[in-house]
Amino acid sequence: VTRDGVLICLHDPSLERTTNVEEVFPDRFTQIEYEGRTRKAWLANDFTLEEIKRLDAGSWFGPAFAGERVPTFDEA
């Protein structure tokens with residue numbers, strides 16, 4: 001769920017693995033502890049839908065998917 005309450009389709013709780021969030025919002029991370037280590041995470045629920053729709057969610061998978069966006073539940 002986004003910060004403004006929209007249900008999105010995203011496997012991970014954070015955005016950095018499958019989007020370019022680190023480039024678009026480099027300073028918007030949260031420090032989390034995971035498996036005994038502290039790391040940066042860009043949690044989906046810290047962003048509005050409008051902000052998430054600015055992210056490229058396809059390039060990580062391959063050039064043919066560049067520009068794909070994170071869909072909302074209703075869009076899917």
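Where is the place of Thr72? Select Thr72: its place is in the segment after H2. This is a predicted model, in which local features need pLDDT of at least 70, side-chain atom pairs count only at pLDDT 80 or more, and totals for chains, interfaces and linings use all residues. Residues are numbered from 1 along each chain as its sequence is written, and side-chain values use heavy atoms, with hydrogens and water left out.

**Stop 1**

Show its contacts (heavy atoms within 4.5 Å). Not counting residues up to four places away in sequence, Thr72 touches Val6, Leu7, Ile8, Cys9, Leu49 and Lys53.

Now select Ile8. Leaving aside neighbours within four places in sequence, Ile8 is in contact with Thr2, Ala44, Leu49, Ile52, Val70, Pro71, Thr72 and Phe73.

**Stop 2: the core**

Ile8 also belongs to the largest nonpolar core, which has 12 residues. A nonpolar core is a set of buried Ala, Val, Leu, Ile, Met, Phe, Trp, Tyr and Cys residues joined through side-chain atoms within 4.5 Å. Select Ile8, Leu15, Val21, Phe25, Trp42 and Ala44. In soluble globular proteins, nonpolar side chains tend to be buried together.

**Stop 3: the hairpin**

Switch to cartoon view. The protein has 2 helices and 2 strands, running α-β-β-α from the N terminus on. Helices (H or I, at least four residues) and strands (E, at least two) are DSSP runs, numbered from the N terminus.

Select residues 30-34, strand E1, and residues 37-41, strand E2. The two run antiparallel and are joined by 5 bridges (strands pair if DSSP finds at least two bridges between them). Tyr34 stands opposite Arg37 in E2. The strands form a hairpin with 2 residues between them. In the turn, click Glu35: its phi is positive, about 50 degrees.

**Stop 4: the salt bridges**

How many salt bridges does the structure hold? It holds 4; the tour visits some of them. A salt bridge is a side-chain nitrogen of Lys or Arg within 4 Å of a carboxyl oxygen of Asp or Glu.

- Select Asp12 and Arg17. Their side chains meet at 2.6 Å, N to O. Asp12 counts as buried, at 14% relative accessibility.
- Select Arg39 and Glu16. Their side chains meet at 2.7 Å, N to O. Arg39 is in strand E2 and Glu16 in the segment before helix H1 (21-24), 23 residues apart. Arg39 is partly exposed at 33%, whereas Glu16 is buried at 15%.
- Select Arg28 and Glu51. The closest N and O atoms are 3.1 Å apart. Arg28 lies in the loop between H1 and E1 and Glu51 in helix H2 (residues 49-52), so the pair ties together parts 23 residues apart in sequence. Arg28 is partly exposed, at 27%. Glu51 is buried, at 15%.

**Stop 5: the whole chain**

Zoom out. The C-alpha atoms fill a box of roughly 35 × 30 × 20 Å, taken along the principal axes. Buried residues make up 34% of the 76 residues. Among contacts between residues at least 6 apart in sequence, 56% join residues at least 24 apart.

Methods
Buried means under 20% relative accessible area, exposed over 50%, partly exposed in between (1.4 Å probe, protein chains only).
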